[in-house]
Amino acid sequence: MKTRIDSVEEITRSFAGQGYICSEQIALAIYLAAQLHKPVLVEGPPGVGKTELAKAAAAFLEAPLIRLQCYEGLDESRALYEWKYGKQLLYTQLLRDKLGGMLADTDSLEASMERLGDLGEAFYSDTFLEPRPLLHALRSDEPAVLLIDEIDKADQEFEAFLLELLSDFQISIPELGTVKAKHQPLVLLTSNDQRELSDALKRRCLHLYIPYPAAELEAQIVATRVPDLDARLREQLVAFIQHLREQDMKKLPAISETLDWARALVLLHADSLEHAQVADTLNLVLKTEQDVTLARELLPAWLRKLGKR
Amino acid sequence: MPTRRLSEFVQALRGAGLRISPDEASQAMDAAALVGYARRQRFHDALAVTLVKQQQDRPAFEETFARFFAAEDSGVDPSGDMEPAMPAPAADPASAQTPEEQQAEALLASTPEQLQQRMAQAAAEMDFTQMEVITQQGLYSRRLLMNMGMGAVDDRVLQLDQGNPSQQARAEQLRQWRARVREQAAGQVRRQFLLHGVGKGRALREQTLRAVPFRDLREFRDVQALVRKMARRLASLHQRRMKTSRRGMLDARRTMVASIRHDGVPAKLFWRRRPPRKTRVMVICDVSSSVSDAARFLLQFLYAMNDVLPRVRSFAFASRFDEITDDFSRYSPEVAVGQVLDRLSGSGTDYAEMFRAFQARCERELDAHTTVIILGDARNNYLPDGAETLQAIRRRVKQVWWLNPESRGRWNSGDAVMDRYLPHCRLARQCATLNDLERVVDSLLGALD
C-alpha cells in the first residue's frame, strides 16, 4: 500500500485516471481518512458511486479491496470468522486410533490427561478457523481497504459489534483472544439512509455525504465514462437528467442511470434528444411506471424549451 | 489560527444544536492542521467531514461557519468592523502626573490598530460563553471597556471638566472618542452573543417550548422542528428495543438437522423468529376548538414516527366524525392538520355519537392487537355519554387510552364526564404540553412491544 499521500490533488488526479471523477470534498475525505487513520462513513442516495469510491481508493492506494456486504441478520460468523466444528469433529474421529496409540503407554488417568493437555493447543488452532472478510482485513499481510457496504441494512447489534474494530482496529474472538490489525486498514462504510445509524458509530467515523452531482461534474463523468457520446447530446442529456431530479419522482435517477442511458443512446446512434427515442428509452433512467408516465408528460414541453434556446 | 479559535467554533456549533464529542473536536483540529488554513473551501470541507455527522445538521453548520469565520474575511482582526481612521484626540502626556492619568494618556496615544488589538485582547480574557439572554449585552460591554482600561479615561474626562476652558474643550473631544469606542465594544459583544448566547438561548427556549401548553404553542415558529426531533429520538430508542425483543424460542427441528453434520453435537443453535407484531393503533381526536391544538401535535408526533408505528389509523370528530388517515398519508403533517381542521372543526361535540360512528366503521377491524387512543376533553354538552359503547369497543381491543388536555382537577367540572369513561380506559393521562406528549408516546411504544 502506498504510505505517502502528498496532497488532495494527487488523489483527485489518480481517481480521474481510473475514470472516477469526483468533487474535491470526496478526495479530501479520503485524504483525511488515510492520514488520520479514521474510518469514513459515506452516505448518499443510491447510485451516486459510493461503492465505486472504495474501489477507486483501493486502486489508488495499491491495496487489496476486501468487501463485506451487509444484510439483515448478518452476524459475526458471516462477517468475522466461523468455527469449523464439523472439521474439528472429523479430525477427532480420524485421529481416534492415533490418539489411542499415543495414550497407550500411559499408566494412569492423570498421565493421559496431561498428555492430552499438551495436544490441546492443536485442537484450538487456526486450522479450524474460517476467516471472513473482517478477519481477512485485520490479518492481511499488507494494509487493505475494507469496504463495509450498506451498513444500514445490518442489524443494530452488528453495528455495535463493529465499534471495537472501528475505533481500535482490533476484534475479540473468544477462542483465540484479541486479534489486532497487522496493518491498519482504510475502512469505508456506506449507507443508504434506510435507518438512522447510532451516534456511537457516527462519532468514530468521518462523515462524507455524496449528493447527486452538479451539472458540470455530471457532464465530466459522462464524458469520461462514455467518450463516444456526442458533446452536444451529452449536454442535453445531463440537462434533462438534472431537470428530472427537480421533479417529484418516486426514485430519482442517479449517475449510474445517466451512464446507462448515455451508453444506450450511443448504441442507438442518436445525435440529439428526439422525442420518440427519449420516450422509448426512458425506462433506463426511471425505474417505476409512475415516474415514467410523469416524465413522458414533461418531455414535450421540455424539448420545446430546449429547442428554443 | 490557534486551537482556541477552533474550540470556540466547536462551542458555537454545539450552541447551534450539533452534538460534538471532545474526540470529534480533536479530530477536527488534526484535520485542520493537516489541510492548513490558507484555502478556505478546503478548510471548510475538512471541518465539515469531521464535525457534521448527519445531513440534517448541515444547514446549521454552514450558517455557523459563515458567521464565525466571516470576521476573518473582512479584515485582519476577528474583532471586526472598527474604522481604521478613527480620529483619536491628540494625547497630552505632559499633563499627566499620577499613574492613572498616564495610563489614560497612553490609551489615548495608541493608534486605532493598537486600540483594536487591545480590545481583542481584553475580549479574549473574558468568558463570553456564559452569555444567555440578549439583555446581558450591556453588562458585558461595560466589563469589556473596564478590562481595556477605559476607566482611567473616564476619570480623566471628569478631571478635565473641572479645569480651564481649553481643558474643557479637550474633555468634550474625549467624550466623543469614548462614545465611539463604546459603540465598538458593544458591536464586539453583540457578535459574541450571536455565537454563544444564541445557542444557549436555543436550549433554554427548547426547555420552555416543551413545558408550554399546546394552546400557546402555535405562536412559536420552530415547534415543528422540535416535534420532529423529539419523535426521531423516541423512534430510534424504540427501534432498538423492538429488535432485541423479537428473538423467540429455540428452533429444535433446525438445530437437530444441523447437528447431524456434527455427529449429533448441536454445534449451532437456531432460534425461531417471532412473527412481526401486528399491532395497530387507532387514534380518535376531538378537533373542536377547545382541544384542536393538542390534536394537532398528537397527530404530528404520531406520523413523524412512521418507522416504528407503521399502522396508525386516525379519526377526527367535532360536529362530524371522519377518518383522516388519508390526509396524513398524502400530505405533510403540517398541511394535513390544517386541512382536517378546516373540514371537520366546529363546536358541539357528541361523544356518544362519535363512539357509535367509530364502532360502525371499524368494528370488524378491532382485534386483540389494536390500541385505541382517544384525545378529548370529555365535554359532552350535557348529552348522553355513551359509555356503554366505549365499553363494547374496549372489549374487542387490547386497550383504550384516554388523553385529556385539561388538568386532572377539571376532568369532571361543568359538562365534562371523564368519570363515566375512566373505568373503560387502561390509562388516562393529562396531555397538555410536549413533555406530556413525549411521555405518552414513549409508554405507548413500550406497551406495544
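Predicted model: local features only at pLDDT ≥ 70, side-chain atom pairs only at ≥ 80, totals over all residues.
Two strands are said to pair if DSSP finds at least two bridges between them.

Helix H11 (residues 215-225) of chain A packs with helix H13 (residues 255-267) of chain A, their axes lying 10 Å apart at an angle of about 50°. Angles under 35 degrees count as roughly parallel and those from 65 to 115 as roughly perpendicular, so H11(A) is oblique to H13(A). The crossing of H11(A) past H13(A) is right-handed. On the H11(A) side, the contact is made by Glu218(A), Ile221(A), Val222(A) and Arg225(A), which meet Ile255(A), Thr258(A), Leu259(A) and Ala262(A) of H13(A). Sorted by class, the residues of this contact are five nonpolar, one polar and two charged.

Turning to chain B, six strands form an open sheet with mixed pairing, and their order is E5-E4-E3-E6-E7-E8. Strand E5 (321-323) and strand E8 (427-430) of chain B are at the edges; each has a single partner strand, so one side of each has no neighbour in the sheet. From one strand to the next, the twist averages 20°. Within this sheet, strand E3 (residues 280-286) and strand E6 (residues 370-375) of chain B pair in the parallel sense, with six bridges between them. Among these bridges, Arg280(B) is partnered by Thr370(B) in E6(B). Helix H13 (residues 292-304) of chain B lies across E3, strand E4 (312-317), E6 and strand E7 (399-404) of chain B, and runs at about 160° to E3(B).

Finally, the two chains touch each other. Chain A brings 22 residues to the contact and chain B brings 24 residues. On the side of chain A that touches chain B, helix H2 (24-36), helix H5 (85-94), helix H10 (199-204) and strand E9 (206-209) of chain A each supply at least two residues. The largest share of that side of chain A, seven residues, belongs to H2(A). By class, the side of chain A that touches chain B holds nine nonpolar, five polar and eight charged residues.

Methods. Residues numbered from 1 in each chain as written. Chains lettered and ligands numbered in written order. Helix = DSSP H or I, 4+ residues; strand = E, 2+ residues; numbered from the N terminus. Axes fitted to C-alpha atoms, helices over the stretch in contact; angles between N-to-C directions. Contact = placed C-beta atoms within 7 Å. Nonpolar A, V, L, I, M, F, W, Y, C, P; charged D, E, K, R; others polar. Parallel < 35°, antiparallel > 145°, perpendicular 65-115°, else oblique. Left-handed = near helix turned anticlockwise from the far one by under 90°.
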